[in-house]
Structures are given as structure tokens and as C-alpha cells.
Amino acid sequence: TLDRSSAASDVYKRQRWDHPTLLALSDSLLRSDLAKSPEVFAYATVAKVTSGRALGRGDGNAGDAQLAEALKRLSTSSLTTACLVICTRAFLAIHRGDEARGLAFIDEGLARSNGTMRFFDALFHLERARAFHSRGVFIAADAAYAQAQSMFARSAQREQQETSLDRALLALERGRYDEVGEQLAATAPHLATSFERAWHGAIAAAHGALVGVPVTPTDEATGTIEDHACAALRAVAGGVFTAVTVDSFRVRRAALLAERANAVRAGAATVVAWSLDGSAVRCGALGSTCSLSLIHISEPTRPY
């Protein structure tokens with residue numbers, strides 16, 4: 001049973017962005033006798049829920065209930081698997097826009113780990129960053145992203161990449177364009193998955209438009225709902241983004257940036273850019289006196 005559980009875990013890790021394959025595998029495992037093992041049941045359930053969400057299938061409430069059942073079946077000694085399930089519940093809640101629930105799961109996971117599971121502690125901090133990012137609490141989000149980055153081992157390349165790219169999106173929203181460039185440069189040599197390549201290219205296209213150095217966006221797709229986030233960022237560089245409602249904090253944040261860029265181009269919005277000390281620069285529609293780079297969203301320290 002332990003060998004089979006390890007095999008299920010290995011497949012889950014290796015196939016993280018091949019969601020159709022992973023969804024089919026998880027369904028097969030859950031229908032087999034192997035699912036009698038609480039470990040296999042947990043890994044297969046995590047794979048089914050995450051891949052179903054990525055492909056825009058399934059119901060979030062049902063997925064959370066399945067994860068709760070997987071957690072209930074685990075023995076008290078299955079700390080690693082329990083942390084995986086709890087982290088997935090946090091991930092699911094945050095992508096669905098329920099940040100408070102996600103943060104509660106993160107606290108539960110950190111309490112269970114009690115500092116003994118460094119990799120999962122890093123994942124919990126990454127999900128905390130995404131929760132704050134989803135809420136638009138940028139300073140706290142950046143601190144949590146930085147903490148997650150510092151905790152991931154060098155071997156956690158995929159987790160490092162996703163953290164860096166999501167942090168690049170945060171820097172883009174804050175108007176910290178040098179930081180965006182640094183994160184893009186750091187991740188560029190290690191783009192190993194379709195998601196990383198597509199997300200990197202979309203952020204680079206939006207960044208280029210905002211700093212006045214156009215970048216030809218990549219047409220590579222992730223094959224998941226995150227393609228809507230990529231489309232939104234590419235729209236910052238030109239074109240109209242049609243808003244969609246999907247379970248992804250990335251889509252929500254990227255769409256907000258695209259909508260502001262479209263409004264600026266159309267002359268339908270007043271642009272306000274806040275400086276770090278809380279002062280503000282206000283200008284009108286995009287034109288000779290207004291730069292598109294002023295669409296960023298940052299946190300003032302005092303009212304304008």
C-alpha cells in the first residue's frame with residue numbers, strides 16, 4: 001500500500017499541469033480497490049479537485065466536501081498527506097474568492113505542521129500571499145510571497161516559478177516595474193510547463209506595454225481556466241478583454257488590470273497613480289499628458 005501511495009504521489013507531482021491526464025488518473029484510482037488506502041484516496045482526491053478546478057469542471061462545494069472526507073480518513077500519523085489536503089482546501093477556497101476560509105485552512109495547516117514540514121509551511125505562506133493578493137492587500141501579499149520564496153528548497157523549482165510569477169503580477173499591479181522585470185528575468189531560464197511559459201509571456205506583454213517597450217506576446221496556452229488570465233494581460237498591451245467569471249484569483253486580478261487599461265484608452269476613466277508616501281498624481285485620458293503606466297493600483301498611506 002505504501003508503494004502504491006508513493007506512486008500516486010509521484011504521478012500527482014509530475015503531472016501537475018497535465019490536467020486531463022491527471023483527472024482521468026484520479027477518477028480511475030478512486031474507482032479502484034486502491035482507494036481503500038486512505039493515502040491513495042487522499043492523493044487521488046486532491047488530484048481530482050485541483051484538476052477539475054483547472055479545467056473548469058466540478059462544483060467547488062462538492063470538491064471541498066471530498067477533501068474533508070479524505071482528511072477524515074487519514075490516520076494521525078499521516079502528517080504530510082494531511083498538510084497536502086489542508087493546503088488544497090485553502091487553495092480551492094482562495095481561487096473561489098473565499099479568502100477568509102482559505103486563511104482559516106492555512107492557520108490549521110501551520111498548526112498541524114508546527115514547524116516540522118518546511119515544504120508545506122512554504123506552500124501555506126504562498127497560499128496566504130494569494131489570499132492577500134486576491135483581496136488587494138498588496139504589502140502583506142508581497143511579504144508572504146517573499147517568505148514562501150525564501151522557504152522553498154532549490155529542488156522545489158515548480159513552486160519557486162509559480163511564486164515568482166504570481167509575485168511579478170503583484171508588482172505589475174503596484175507599478176513596481178523594475179521588480180516585474182527582475183522576476184521575469186529570474187524565471188525565464190526555467191520555464192518548464194505550459195502554464196509557466198504562457199503566464200510568463202502574458203506578464204511580459206503587459207509589462208512591456210506599461211513601460212513603453214512592446215513585447216510580442218506568446219500564443220502558448222495552458223489548456224486551463226488560467227488562459228483567461230493570460231488573455232487579460234495580453235489585452236493590457238492592446239485589444240479588448242471580455243470579462244469572465246471563473247474560479248481563479250489570477251483571472252480576477254488580471255481582468256481588473258485589463259479593464260483599467262481599456263478604460264484609459266477609451267478616455268472613459270480618470271487615472272490616479274499613488275506614490276509610496278501617499279501623495280497622488282492625477283491625470284485624464286490616455287494621451288500626450290498621460291501615460292498608460294499610470295494605471296497601476298497601489299496602496300496609499302493617507303487619503304488624497
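Author: One term before anything else: contact means heavy atoms within 4.5 Å of each other. What you have on screen is a predicted model, where local features need pLDDT of at least 70, side-chain atom pairs count only at pLDDT 80 or more, and totals for chains, interfaces and linings use all residues. Residues are numbered from 1 along each chain as its sequence is written, and side-chain values use heavy atoms, with hydrogens and water left out.

Ser26 touches Ala44, Ala47 and Lys48, if you skip residues up to four places away in sequence. Ser26 belongs to helix α2 (residues 19-31). Helices here are DSSP runs of H or I with at least four residues, strands are runs of E with at least two, and both are numbered from the N terminus. Is Ser26 buried or exposed? Its relative accessible area is 2%, so Ser26 is buried. (Buried means under 20% relative accessible area, exposed means over 50%, and partly exposed is in between, using a 1.4 Å probe and protein chains only.)

Now the wider setting. The protein chain has 13 helices and two strands. It runs to 304 residues, and 53% of them count as buried. Take contacts between residues at least 6 apart in sequence: 59% of these join residues at least 24 apart. The chain exposes about 13,500 Å², with carbon and sulfur atoms supplying 52% of that. (Accessible areas come from the Shrake-Rupley method with a 1.4 Å probe, and for residues only the protein chains shown count as cover.)

The part I'd zoom in on is helix α5, which covers residues 79-95. Let's go around its partners, starting with helix α4 (residues 60-73): the two axes come within 10 Å and cross at roughly 165°. Axes are lines fitted to C-alpha atoms, for helices over the stretch in contact, and angles run from 0 to 180 degrees between N-to-C directions. α4 and α5 are therefore roughly antiparallel. (Angles under 35 degrees count as roughly parallel, over 145 as roughly antiparallel, 65 to 115 as roughly perpendicular, and the rest as oblique.) α4 passes α5 in a left-handed crossing. A crossing is left-handed if the near helix is turned anticlockwise from the far one by less than a right angle, and right-handed if clockwise.

Who meets whom? On the α4 side you'll find Gly60, Gly63, Asp64, Leu67, Ala68 and Leu71, and they meet Ala82, Val85, Ile86, Thr88, Arg89 and Leu92 of α5. Sorted by class, that contact has seven nonpolar, three polar and two charged residues. (Ala, Val, Leu, Ile, Met, Phe, Trp, Tyr, Cys and Pro count as nonpolar, Asp, Glu, Lys and Arg as charged, and the others, Gly among them, as polar.)

Next up is α6. The axes of α5 and α6 come within 7 Å and cross at roughly 165°, which means α5 is roughly antiparallel to α6. Their crossing is left-handed. From α5, the residues involved include Leu79, Cys83, Ala90 and Ala93, while α6 brings residues including Glu99, Gly102, Phe105 and Arg112. This contact has nine nonpolar, three polar and five charged residues.

Then there's α7, whose axis comes within 10 Å of that of α5, crossing at roughly 10°. That makes α5 roughly parallel to α7. Thr80, Cys83, Leu84, Ile86, Cys87, Phe91 and Ile94 of α5 make the contact with Phe120, Leu123, Phe124, Glu127, Arg130, Ala131 and Ser134 of α7. By class you get ten nonpolar, two polar and two charged residues.

Asn114 is exposed, at 64% relative accessible area, and its phi is near 55°, a positive value in a residue other than glycine. Most residues other than glycine have a negative phi.

Gly52 sits in helix α3 (residues 38-54) and is buried, with a relative accessible area of 6%. Setting aside neighbours within four places in sequence, Gly52 is in contact with Leu23, Ala47 and Arg57.
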